[in-house]
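Hi,

Here is the structure I promised to send over. Have a look first, and my notes follow below.

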Amino acid sequence: MSENCLFCKIIEGTIPSAKVFENDEFVAFKDINPVAPVHILLVPRHHVVSLQDVTSTDATWLGKMMALVPQIASENGCRPGPEGGFRVVINSGNDGGQEVGHLHVHIIGGQRPWKSTATAVA
């Protein structure tokens with residue numbers, strides 16, 4: 001944990017959030033500025049700054065994290081099948097649009113129309 005990290009404080013419970021999933025390794029909560037009907041952030045409990053800091057030794061937990069995405073998307077209103085689906089966004093570093101220095105996955109979906117997220121997610 002990083003004492004100045006917003007997401008670490010959410011994980012610890014010192015900053016409130018609308019959590020939709022948690023286990024020993026990950027926490028998922030609703031984005032406070034959603035760009036779509038479903039906009040969930042999935043974060044690892046341990047502090048990792050960005051995807052740029054991930055190495056091959058992180059493959060196991062990162063794989064588990066990505067495997068949770070379809071479950072969390074479905075449980076929060078994303079429709080299954082070709083007519084449904086969701087978007088997964090991981091911003092990395094300043095040039096990549098990352099605004100919070102804790103690796104996080106945006107799970108974005110819900111019935112269209114919703115605004116483009118190409119530049120709208122942190």
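One thing to keep in mind is that this is a predicted model. F86 belongs to strand β4, which covers residues 86-89. With a relative accessible area of 38%, F86 counts as partly exposed, because that class lies between the under 20% of buried residues and the over 50% of exposed ones.

Then there is D31, which sits in the loop connecting β2 (26-30) and β3 (38-44). Is D31 buried or exposed? It is buried: its relative accessible area is 15%, and the cut-off for buried is under 20%. A polar atom of the D31 side chain lies 2.7 Å from the backbone nitrogen of N33. If you leave out neighbours within four places in sequence, D31 is in contact with H39, I40, L41 and H106.

As for the whole chain, there are two helices and five strands, running α-β-β-β-α-β-β along the sequence. The radius of gyration is 14 Å, which agrees with the value near 14 Å for a compact globule of 122 residues. The C-alpha trace spans about 40 × 30 × 30 Å along its principal axes. Buried residues account for 40% of the 122. Of the contacts between residues at least 6 apart in sequence, 55% join residues at least 24 apart. The chain exposes about 6,700 Å², with 51% of that coming from carbon and sulfur atoms.

Cheers

Key. Residues are numbered from 1 along each chain as its sequence is written. This is a predicted model: local features need pLDDT of at least 70, side-chain atom pairs count only at pLDDT 80 or more; totals for chains, interfaces and linings use all residues. Side-chain values use heavy atoms; hydrogens and water are left out. Helices (H or I, at least four residues) and strands (E, at least two) are DSSP runs, numbered from the N terminus. Buried means under 20% relative accessible area, exposed over 50%, partly exposed in between (1.4 Å probe, protein chains only). A polar contact is a pair of N or O atoms within 3.5 Å; within protein, one must be able to donate a hydrogen and the other to accept it, and residues adjacent in sequence count only if both atoms are side-chain atoms. Contact means heavy atoms within 4.5 Å. The radius of gyration is taken over C-alpha atoms; the globule rule is 2.2 Å times the number of residues to the power 0.38. Accessible areas come from the Shrake-Rupley method with a 1.4 Å probe; for residues, only the protein chains shown count as cover.
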